[in-house]
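Hi,

Here is the model I promised to send over. Have a look at the aromatic side chains first, then read my notes below.

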Amino acid sequence: MEIYTLYGFKIYIIQSLHLGELRTGENLHGELKQLEHEGCCEDFTYSFTHVENKNDFSSILKVIEQETQDDNYVPIIQIECHGCISGLKFASDEECSWGELFSYLRPINITCHNMLLVNLSCCNGDAIIRNIEATERAPFRAVIAHQGVAKPEVLQNTWINFYRDYLNPERRKGRSICELIWNIFPNFIYYNQDIIFEHHYKPAEIRPDIFDAHITQELIEMYKKEGPLDIDPLLYKKWRIKEFDKFYQKHKAHFCFYDIRAKSEEILKEIKADE
């Protein structure tokens with residue numbers, strides 16, 4: 001990819017659904033064809049692939065990595081499948097853990113200079129941020145997903161409306177991705193890599209009640225193993241906050257691509273993909 005001569009977006013729709021289920025990916029593909037025919041949208045291209053299993057899925061992501069290397073389109077990966085708390089589920093009933101998904105996506109995000117947007121059209125897509133590999137590069141610049149269980153019709157209609165607004169300057173009216181997705185359907189979440197990293201390594205600031213409960217549980221587990229503890233809970237909590245902060249300071253810049261991020265964000269604004 002030559003970052004200074006980008007042509008626009010390429011939307012990769014990957015579908016893995018059982019026979020008889022609503023073909024949300026195929027239907028979205030049809031809508032993108034219609035948008036292309038109408039000619040009122042930003043420059044974009046698109047593709048559709050149906051996969052049966054995890055091997056097919058990983059293979060198509062390798063193809064996307066190579067195409068991203070060879071072409072000058074910003075990739076958007078749209079995954080249409082089932083989801084659970086631990087990851088994605090394919091038509092074969094195989095599961096792909098979030099960690100495995102990260103390993104497939106990370107090379108693509110590196111290749112496209114941290115401009116990858118991932119859209120999860122499945123149940124429990126919000127669970128993707130439960131585990132991250134903080135010492136590695138982020139697997140995407142941002143992810144959009146549904147919180148909890150979702151009806152296929154809701155997913156389909158939301159994504160159709162999202163792309164109609166996102167790709168059409170007149171309909172978008174300068175709105176950010178957050179504004180677009182929340183205006184269309186509030187049960188979707190938008191997380192960029194900064195939010196995800198802070199969710200994990202600034203817990204005392206982001207989720208103080210959950211953090212306090214976590215600290216209490218750590219002390220309980222220590223008591224079970226070692227018996228009565230000569231530890232001041234408040235001092236222990238302060239120590240844990242410092243440990244989190246050390247990790248945060250050491251790894252966030254690498255995870256969030258600070259070394260190349262300014263240029264990538266400038267390019268995204270130029271092609272109207274800014275957040």
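Arg137 lies over the face of Phe257, 4.4 Å from the ring centre; I call a charge "over a ring" if NZ of Lys or CZ of Arg is within 6 Å of the ring centre and within 35 degrees of the ring normal. Lys202 does likewise with Tyr248, its charged end 4.6 Å from the centre of the ring.

Before you go on: this is a predicted model, with local features needing pLDDT of at least 70 and side-chain atom pairs pLDDT 80 or more, while totals for chains, interfaces and linings use all residues. Numbering starts from 1 along each chain as its sequence is written, and side-chain values use heavy atoms, without hydrogens and water.

Searching the whole structure gave 17 aromatic pairs (Phe, Tyr and Trp rings, the six-membered one for Trp, with centres within 6.5 Å; stacked is under 30 degrees between planes, edge-to-face over 60, tilted the rest). Trp159 and Phe162 make an edge-to-face pair, at 5.6 Å and 85 degrees. Both lie in helix 4 (residues 152-166), three residues apart, about one turn (helices are DSSP runs of H or I, at least four residues, numbered from the N terminus). Tyr201 and Phe247 are stacked instead, at 4.6 Å and 25 degrees. Tyr201 is in helix 7 (residues 193-201) and Phe247 in helix 10 (residues 233-255), so this pair ties together parts 46 residues apart in sequence.

Those two rings also belong to a cluster linked by ring pairs, with Phe197, Phe211, Phe244, Tyr248 and Phe255.

Cheers

Conventions: Helices (H or I, at least four residues) and strands (E, at least two) are DSSP runs, numbered from the N terminus.
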